[in-house]
Number of protein chains: 2
Amino acid sequence: MVAFSPLLDKLIAELSKLPGVGKKTAQRLAFHLLERPEEEALELATAIREARLGTSFCSECCNLSDTDPCPICSDFKRDRKSICVLESARDLNAIERSSAYHGLYHVLHGVISPLKNIGPEEIKLPELIQRLQEQPEVEELILALNPSPEGEATGLYIARLLAPAGLKITRLASGLPAGGELDFVDELTLSQAIEGRREI
Amino acid sequence: MVAFSPLLDKLIAELSKLPGVGKKTAQRLAFHLLERPEEEALELATAIREARLGTSFCSECCNLSDTDPCPICSDFKRDRKSICVLESARDLNAIERSSAYHGLYHVLHGVISPLKNIGPEEIKLPELIQRLQEQPEVEELILALNPSPEGEATGLYIARLLAPAGLKITRLASGLPAGGELDFVDELTLSQAIEGRREI
């Protein structure tokens, strides 16, 4: 590997830390930033700095926001009787896009993963428990975690932990994705779809 | 599309301007930057700013560098009789990695492309012509442009333009890539390899 200039090397190293960005992509991005007009690169640098320093976790739902409480928690038109529990702030956007849910959220910022040394205290689960104690109006907890082994395990853990609280605890349905073809659906999804079949 | 916070929206918009980064990837990168430790995001912002403000084109070869002249132009062990003409600073790294060339470079920062409204004056071609006048010791010009239609056309243009100067003008060989299989090589490459066949 030939060394570029020290400043360029540093930029490539920093860009390589981004998810899905390897050495080669980092080089391409770095050269792009240096070859394009100066404002473009500086605006990106400023946007990163301002977004990082200006946003923090909402003290209620732990969503990323530049106001506290976040726009969703402070929107009194939303149904305050249900909380949808998510793995990441990105998932919140996916649910909002579907327009099928009008309650509140709670972002865990991770899932329990013994292999990665992430226990219940490392995610925003203590915050959820405290919140349920402070907001007795909550009636339903919807676990919308990713259908991965860790997501499933975290969901079960939360369900067992909160069972004594007398809440209704639900999870998203598993089954066929809309517009998919039976032939292309994997065996696990198909067996879940059969198991969860509903009368018409 | 649900709006995130204004600062996050701005960050996503800036990241989307990077090459190969779409809306979805920009969101993933933005959330990564906001969820990881603060130093990581701020270091990237600083690296972008410093690299952009600290590097400029070498006044001789137009390569990106934080010194002027760049380390290659100021290295007196290099063969000053040949100049390798490149499309971008990234290509310079590729040639250096091969260790097969020890002369100087000239980075055009683009190729002539009438469709994109890029003429000979929009790339660093006037600088090359001026440089050849100031450096009469140059004997060979190696055109190492990408084997794309624009690259080929730019090479031909430069070759015709500089023909009266009495320089030796060469271009990189076309043919089979090392380690490739004949069966997977496209027709054009194969026909160029046959045309350029050499006696053993």
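A polar contact here is a pair of N or O atoms within 3.5 Å; within protein, one must be able to donate a hydrogen and the other to accept it, and residues adjacent in sequence count only if both atoms are side-chain atoms. Keep that in mind for the notes below.

1. Some ground rules. This is a predicted model, in which local features need pLDDT of at least 70, side-chain atom pairs count only at pLDDT 80 or more, and totals for chains, interfaces and linings use all residues. Residues are numbered from 1 along each chain as its sequence is written, chains are lettered from A and ligands numbered from 1 in the order in which they are written, and side-chain values use heavy atoms, with hydrogens and water left out.

2. Start with Arg78(B), which sits in the loop between strand E2 (64–65) and strand E3 (79–86) of chain B. (Helices, H or I of at least four residues, and strands, E of at least two, are DSSP runs numbered from the N terminus.) The side chain of Arg78(B) reaches two backbone oxygens: that of Gly103(B) at 2.9 Å and that of Tyr101(B) at 3.5 Å.

3. Is Arg78(B) buried or exposed? Arg78(B) is buried, with a relative accessible area of 12%; buried means under 20%, exposed over 50%, and partly exposed in between (1.4 Å probe, protein chains only). Setting aside neighbours within four places in sequence, the residues in contact with Arg78(B) (heavy atoms within 4.5 Å) include Ile72(B), Glu96(B), His102(B) and Leu104(B).

4. Now the pair of chains. A rotation of 179° with 0.0 Å of shift along its axis puts chain A onto chain B, at an RMSD of 0.1 Å, which is the relation of a two-fold axis. In chain A, Ala45(A) has the C-alpha nearest that axis, 2.1 Å away. The superposition is by least squares on the C-alpha atoms of residues with pLDDT of at least 70 in both copies.

5. How much do the chains bury between them? About 5200 Å², with 67% of it on carbon and sulfur atoms; this is the accessible area (1.4 Å probe) that two parts lose on being put together, summed over both. On the contact count, 52 residues of chain A meet 51 residues of chain B.

6. Across the chain boundary there are 6 residue pairs in polar contact, both residues being at pLDDT 80 or more. On the side of chain A that touches chain B, H3(A) gives the largest share, 16 residues.

7. The count between chain A and chain B is 4 salt bridges, each a side-chain nitrogen of Lys or Arg within 4 Å of a carboxyl oxygen of Asp or Glu. In one, Lys10(B) meets Glu43(A) at 3.5 Å, N to O, running from helix H1 (residues 6–16) of chain B to helix H3 of chain A. Both ends are partly exposed, Lys10(B) at 38% and Glu43(A) at 34%.

8. Lys10(B) also forms a salt bridge inside chain B, with Glu14(B) at 3.0 Å. The two lie in helix H1 of chain B, 4 residues apart, about one turn of the helix. Glu14(B) is buried, at 4% relative accessible area. Elsewhere, Lys10(A), Glu14(A), Lys17(A) and Glu43(B) are joined into one network by salt bridges that share partners.
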